[in-house]
Amino acid sequence: MTDQTAAPTKSRILTGDTPTGQLHVGHYVGSVKRRAELQDTHECYILLANMHAFTTRAERSDEIRRDTFEIVRDYIAMGLDPEKVAIFLQTEVPAISELTYLFAMLLPFNRVMRNPTLKDEIRVKGLGDTYSFGFPLYAVGQTADILAFRAHAVPVGEDQVPHIELTREVARRFNQFYCGVSDQAEDEDHEKLGGVFPIPLADVGQCSRLPGTDGVNKMSKSLNNAIFVTDTPKQIKKKLGKLYTGRQNPTDPGDINNALFDYVRTFITDEDRVKELERKYAEGDDIGDGHVKVEVAEAISKLLEPMKERRAKYEGDDDMIMDILKGGCQRANAAAEKTLEMAKEAANLKFFDRELNYV
Ligand code: TRP
């Protein structure tokens with residue numbers, strides 16, 4: 001875990017998600033919860049990476065558009081307040097595309113291809129050598145997503161850390177090339193020394209790798225092991241029922257580092273109860289997996305109840321979502337256009353003033 005107190009108050013944060021369907025409780029504990037906490041003290045930008053979604057689903061743009069709307073509903077359900085955070089579309093902030101092109105010039109091609117998250121995706125999604133040119137470009141694009149807002153911190157799950165590392169490299173290089181910042185400068189000092197970009201920190205969530213209900217893989221929609229906001233208590237119980245731990249009897253000493261106990265520690269809020277369950281399970285003090293699962297299922301259902309209520313208000317109404325996005329895009333563009341102007345000025349690319357308008 002990164003030290004979260006490092007970011008000063010009212011610093012800017014930027015984060016986002018690729019719209020791939022509904023959000024699940026893994027997203028919540030991995031990052032959305034943290035964003036909801038930060039929204040009162042930070043200037044928050046939440047990006048919907050709808051262009052990135054084209055890396056693997058370019059032929060299904062209708063589906064991507066639908067998923068984009070759903071994710072906004074889930075954000076609100078999980079406690080993000082569109083008055084406090086700017087929820088916006090990547091494709092409606094042109095400064096991001098322009099910075100992507102510029103940053104692509106600052107990064108060695110081989111450095112981009114060494115990004116372990118890209119390599120993993122190529123393997124896991126079976127992309128072989130048929131992926132598009134835009135696929136590795138998305139990693140460069142992600143550096144622009146972040147730097148367009150001159151973000152100081154990026155709340156993300158652990159799998160995104162390599163992208164933040166690449167972002168830090170681009171920011172340093174830009175500041176060195178165009179802003180006279182020395183290559184000996186400390187990361188925290190770049191802005192003070194006249195750099196356009198702060199060197200952003202990854203802010204990794206409390207529990208960034210919640211296992212799925214298969215008890216093995218990370219929770220993920222595509223692996224069919226996820227619990228969604230819209231799941232009923234009955235569905236949740238059923239999904240957890242399938243979580244296999246390998247333990248046979250309530251009197252067998254159990255391993256409290258298994259996936260089931262990740263759930264216990266993540267979702268049961270009463271600390272004393274967590275300790276008691278851990279002790280009983282470890283000692284085999286007559287406590288069955290089934291019992292623990294029921295308690296976890298109840299805790300998750302309780303967590304999701306207010307989320308479902310909030311979500312219901314936005315169900316089926318795309319106009320409300322459109323208004324939220326429009327407001328978010330306006331705020332995002334105001335910030336990103338300013339950054340772009342600063343960056344172009346520094347890199348000798350500024351020729352004229354310009355203004356973006358939404359009609
Ligand atoms: N790649 C991220 C994901 O798939 C989404 C994303 C795009 C993002 N741009 C970002 C996350 C910038 C944080 C910051 O989850």
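At 74% relative accessibility, Asn-224 counts as exposed, on a scale where buried means under 20% relative accessible area, exposed over 50% and partly exposed in between, with a 1.4 Å probe and protein chains only. Asn-224 lies in the loop between strand 5 (201–204) and helix 9 (233–241), where helices (H or I, at least four residues) and strands (E, at least two) are DSSP runs numbered from the N terminus. Although Asn-224 is not a glycine, its phi is positive, at about 60°. Most residues other than glycine have a negative phi.

This is a predicted model, in which local features need pLDDT of at least 70 and side-chain atom pairs count only at pLDDT 80 or more, while totals for chains, interfaces and linings use all residues. Residues are numbered from 1 along each chain as its sequence is written, and side-chain values use heavy atoms, with hydrogens and water left out.

Arg-150 is another residue that has a positive phi without being a glycine, here about 45°. Arg-150 is placed in the loop between helix 7 and strand 4, and it counts as buried because its relative accessibility is 14%.

Strand 1 (residues 12–17) and strand 2 pair in the parallel sense over 6 bridges, pairing being assigned if DSSP finds at least two bridges between two strands. Gly-16 stands opposite Leu-47 of strand 2.

## The largest nonpolar core

The largest nonpolar core holds 104 residues, of which Phe-88, Phe-103, Phe-149, Phe-174, Tyr-263 and Ile-300 touch the most other members; such a core is a set of buried Ala, Val, Leu, Ile, Met, Phe, Trp, Tyr and Cys residues joined through side-chain atoms within 4.5 Å. Helix 13 (residues 318–346) provides the largest share of this core, 10 residues.

Ile-300 touches, among others, Val-25, Ile-227, Tyr-263 and Phe-267, where contact means heavy atoms within 4.5 Å and residues up to four places away in sequence are not counted. Phe-267, in helix 10 (residues 259–267), is buried with a relative accessible area of 6%. The contacts of Phe-267 include Val-25, Val-29, Leu-210 and Leu-303, and the C-alpha atoms of Phe-267 and Leu-303 are separated by 8.1 Å although these residues are 36 apart along the chain.

## Aromatic rings

The structure holds 12 aromatic pairs, defined for rings of Phe, Tyr and Trp (its six-membered ring) whose centres lie within 6.5 Å, with planes under 30 degrees apart counted as stacked, over 60 as edge-to-face and the rest as tilted. Phe-88 and Phe-149 form a tilted pair, at 5.1 Å centre to centre and 45° between the planes. This pair links distant parts of the chain, 61 residues apart, with Phe-88 in strand 3 (residues 85–89) and Phe-149 in the loop between helix 7 (134–147) and strand 4 (153–156). Phe-88 and Phe-149 are both buried.

Phe-103, Phe-174, Phe-177, Tyr-178 and Phe-197 form one aromatic cluster.
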